[in-house]
Amino acid sequence: MKQEAFFGRPIPHPQAVALFSRGLDSILAVKILQRQGIAVQGILFMTPFFNAGIRERENDFITAVNRDYDIPLCVVDISEEFLELLQAPAHGYGKNFNPCIDCKLLMVRKARDYAAQWGAAFIVTGEVLGQRPFSQRRDTMRIIERDSGTTGILLRPLSARLLPETIPEQEGLVKREELFDFSGRGRKPQMELAARLGISSFPSPAGGCLLTDPAYARRLKTIYADCRDSHHPALREVEMLKYGRFYHLPPASFLIVGRKQAENKRLLQLAGDEDVIMRLAAMPGPIGILCGTEDKMKTAAARVVQHSKGKNLDEVLISWSRGSRSGTFKHVRSKDS
Ligand code: SF4
């Protein structure tokens with residue numbers, strides 16, 4: 001198992017492990033089973049692309065979910081494994097850089113492993129048949145069960161009555177007649193069920209996944225293409241792509257230029273010893289972080305200057321640092337700029 005950070009403490013002897021996404025569907029899925037007296041342990045996976053906002057406040061988040069919904073939760077950071085998966089997902093990408101089937105497979109497999117570790121009998125998701133055009137189709141759902149080794153133990157309480165009976169239903173642990181037959185994109189049945197269960201406030205569905213954001217996905221795809229098969233981008237690099245202006249400096253380098261003070265600050269926090277930090281030496285201006293080779297420093301300097309008050313000067317002094325090394329050089333405005 002790749003290194004992953006784990007937060008929270010599972011309840012003793014859970015009977016089921018539920019993938020928790022913060023959205024209403026996953027809350028309902030857990031509540032439906034809790035009403036049947038099943039001890040459910042929620043688990044939420046975090047990567048730089050989804051649920052990233054929880055980072056550094058994992059324990060507070062766990063406490064809030066427990067307090068607001070009475071759902072015991074553990075948070076697992078699977079960033080490293082996810083960065084590797086993105087290199088070549090077996091089932092390909094969706095419209096942007098979102099490997100939805102492999103993403104679900106990874107999460108269900110992990111939930112299965114934790115279930116085995118904790119002695120839980122089955123896995124629960126809040127998926128609704130036909131809600132998403134691709135990843136929640138009947139055939140895709142079957143592929144996920146098959147390839148994650150969870151056939152018969154993956155229960156989707158919101159659509160269960162439209163799906164084959166699972167082992168916990170067959171064995172009488174879960175009452176099938178108290179499960180649901182929701183399908184499609186409409187939200188009305190879920191809202192009605194939420195009202196019936198007394199769930200009046202719930203977070204908006206998960207704040208989205210950055211891999212489906214066309215602008216971010218384009219940046220990410222570019223730096224993955226540079227890596228080819230040798231390795232994947234580092235966590236700090238994919239984090240930096242969320243900020244500033246992005247310049248691809250092929251081959252294998254890119255530059256991020258901060259657009260405002262807060263971005264400059266964040267970029268400086270994220271930059272590692274292997275990155276070149278560039279700024280104007282004699283006047284305030286943007287920070288540029290060059291990830292790649294030092295032969296790109298001149299090109300990078302031109303971009304940094306272009307977004308500063310020095311853009312019309314003939315010469316601008318640039319200072320740079322990389323780990324313990326640092327220096328300055330002059331950027332000279334080209335005649336055509
Ligand atoms: S949208 Fe993002 S989080 Fe959702 S399944 Fe696809 S890759 Fe995973």
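**Words and their cut-offs**

Tutor: Of the 337 residues in the chain, 42% count as buried. The model is a predicted one, where local features need pLDDT of at least 70 and side-chain atom pairs count only at pLDDT 80 or more, while totals for chains, interfaces and linings use all residues. Residues are numbered from 1 along each chain as its sequence is written.

Student: What makes phenylalanine 45 count as buried or exposed?

Tutor: We count C-beta atoms, placed from the backbone, within 10 Å of the residue's own: 20 or more others make it buried, 12 or fewer exposed, and anything in between partly exposed. Phenylalanine 45 has 23 other C-beta atoms within 10 Å, so it is buried. This residue lies in strand β3.

Student: How do you know what phenylalanine 45 touches?

Tutor: Two residues are in contact if their C-beta atoms, placed from the backbone, lie within 7 Å. Not counting residues up to four places away in sequence, phenylalanine 45 touches Asn51, Val76, Ile78, Met107 and Lys110.

Student: And why does isoleucine 223 count as buried?

Tutor: Isoleucine 223 has 22 C-beta neighbours inside 10 Å, so it counts as buried. You will find isoleucine 223 in helix α8, residues 214-227. Leaving aside neighbours within four places in sequence, its contacts are Pro233, Glu237 and Phe254.

Student: What makes something a helix or a strand here?

Tutor: Both are DSSP runs numbered from the N terminus: a helix is H or I over at least four residues, and a strand is E over at least two. The chain has 11 helices and 12 strands.

Student: Why is α1 called largely enclosed?

Tutor: Of the 11 residues of α1, 8 are buried, so the rest of the structure largely encloses this helix. Among the buried ones are Ile27, Leu28 and Val30. Their cover includes β2, β3, α2, β5 and α7.

Student: Why are α1 and α7 called oblique?

Tutor: Helix α1 (residues 24-34) and helix α7 (residues 188-196) pack at an angle of about 50°, with axes 11 Å apart. Axes are lines fitted to C-alpha atoms, for helices over the stretch in contact, and angles run from 0 to 180 degrees between N-to-C directions. Under 35 degrees is roughly parallel, over 145 roughly antiparallel, 65 to 115 roughly perpendicular, and the rest oblique. The pair is therefore oblique.

Student: Which residues make that contact?

Tutor: Leu24, Asp25 and Leu28 of α1 meet Gln190, Leu193 and Ala194 of α7.

Student: How do you know whether histidine 13 and glutamate 56 are buried or exposed?

Tutor: Histidine 13 has 10 C-beta neighbours inside 10 Å, so it counts as exposed. Glutamate 56 is exposed too, with 8 other C-beta atoms within 10 Å. Histidine 13 sits in the loop between β1 and β2, and glutamate 56 in the loop between β3 and α2.

Student: What makes their phi angles worth a remark?

Tutor: Most residues other than glycine have a negative phi, and most peptide bonds are trans. Histidine 13 has a positive phi of about 55°, and glutamate 56 one of about 75°. The peptide bond from proline 250 to proline 251 is cis, with omega near -5°. Proline 251 belongs to the loop between β7 and β8.
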